[in-house]
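Reader: I would like to go through the terms used for this model one at a time, and to hear on what grounds each of them is applied.

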Amino acid sequence: MSEYHVPVMLQECIDGLNIQKDGTYVDVTFGGGGHSREILKHLGDKGTLVAFDQDADAQQNLIDDERFVFVDQNFRYLKNFCRLHGAIPADGILADLGVSSYQFDQAERGFSIRFDAELDMRMNQLGELTAKDVVNNYTAAELHRIFGIYGEIQNAKSLAETIVTARLNAPIVTIADLKNAISNRIPKGKENKYLAQVFQALRIEVNQELEALKDFLTQSAEVLAVGGRLVVMSYHSLEDRLVKNFIAKGKFSGELEKDLYGNDNRPFDAISRGAITASADEISNNNRARSAKLRIAVKK
């Protein structure tokens with residue numbers, strides 16, 4: 001597991017869950033199993049942990065424990081599978097969003113700018129849409145949208161037009177093909193940051209990450225018991241904004257609504273004031289912790 005992925009802010013996540021030893025908990029991003037193993041340490045014989053992961057590679061880390069149930073699905077199907085496994089109401093739900101260190105390190109998965117491989121980026125390897133499909137088949141307007149919104153790239157329109165022009169000569173199949181095609185659009189001295197934004201945009205589109213996150217957050221309010229904890233760690237501003245808004249307002253945009261009696265129409269109260277970030281020591285030992293933001297809420 002340690003080679004697969006080092007959990008970020010592990011103790012803060014466990015503290016945030018406020019684990020009751022006979023409770024029911026859900027880890028919706030199993031990955032290397034680091035968070036799940038720590039949750040199980042705090043559970044008694046009657047406790048239950050249901051873990052989700054859509055990536056088949058995560059199954060090499062499964063835990064042999066009768067209290068542990070694994071679901072090989074995207075967490076956007078949280079409610080259906082928690083109901084199937086008798087995990088409603090749950091006492092706590094943990095989500096560690098984004099791509100694991102292991103996925104970044106597998107060159108053939110196409111997540112990392114460090115390697116050359118076919119443009120893939122599917123978290124679920126059975127999914128049909130790949131980054132190669134997006135780059136070669138989306139219109140300039142569609143590419144402009146995903147680079148602008150998901151990548152927050154300033155020259156998103158000219159980047160999209162450059163890709164559409166380049167693929168007229170030959171399909172853009174590999175990471176190297178993409179880098180070569182857009183080389184004139186990459187700001188000098190900011191190559192890594194720019195390419196990371198491009199890759200983030202493609203990955204979010206391929207995996208429908210923001211739509212899945214919205215589905216998950218909405219269902220978490222239906223799955224958790226009153227007093228249950230929601231613990232979510234994100235790694236970029238788009239995800240964090242959705243989590244922050246949902247905890248604060250019960251929705252993803254607009255103002256907080258009230259019922260006829262003046263009560264807030266939101267399912268959660270924030271436990272943490274603002275986002276919790278990793279310590280300097282942890283960041284020095286695990287660079288991935290640098291961008292992590294942890295938010296904790298309790299079901300009303």
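Author: Helices here are DSSP runs of H or I with at least four residues, numbered from the N terminus. The model is a predicted one, and in it Glu 38 and Lys 41 are three residues apart in helix H2, which means that about one helical turn separates them.

Reader: What makes the contact between Glu 38 and Lys 41 a salt bridge?

Author: The closest N and O atoms of Glu 38 and Lys 41 are 3.3 Å apart, and a salt bridge requires a side-chain nitrogen of Lys or Arg within 4 Å of a carboxyl oxygen of Asp or Glu, so the pair qualifies. The structure holds 15 salt bridges.

Reader: Are Glu 38 and Lys 41 buried or exposed?

Author: Glu 38 has a relative accessibility of 16% and, because buried means under 20%, counts as buried. Lys 41, with a relative accessible area of 63%, is exposed, because the cut-off for that word is over 50%.

Reader: Why is helix H9 described as largely enclosed by the rest of the structure?

Author: Twelve of the 17 residues of H9 are buried, and the description follows from that count. The buried residues, among them Tyr 194, Phe 199 and Glu 205, pack against helices H5, H6, H7, H8, H10 and H11. Helix H9 covers residues 191–207 and reaches 24 Å from its first C-alpha to its last, close to the 24 Å expected at 1.5 Å a residue.

Reader: Why is Ile 172 called buried, and which residues does Ile 172 touch?

Author: Ile 172 lies in the loop between H7 and H8, and its relative accessibility of 3% is under 20%, so the residue counts as buried. Not counting residues up to four places away in sequence, Ile 172 touches several residues, including Leu 119, Val 135, Ile 163 and Leu 178.

Reader: What makes Asp 45 exposed?

Author: Asp 45, placed in the loop between helix H2 and strand E2, has 75% relative accessibility, which is over 50%, and therefore counts as exposed.

How values were computed
Residues numbered from 1 in each chain as written. Predicted model: local features only at pLDDT ≥ 70, side-chain atom pairs only at ≥ 80, totals over all residues. Heavy atoms only, no water. Helix = DSSP H or I, 4+ residues; strand = E, 2+ residues; numbered from the N terminus. Buried < 20%, exposed > 50% of the residue type's maximum accessible area, 1.4 Å probe, protein only. Expected span 1.5 Å × (residues − 1). Contact = heavy atoms within 4.5 Å.
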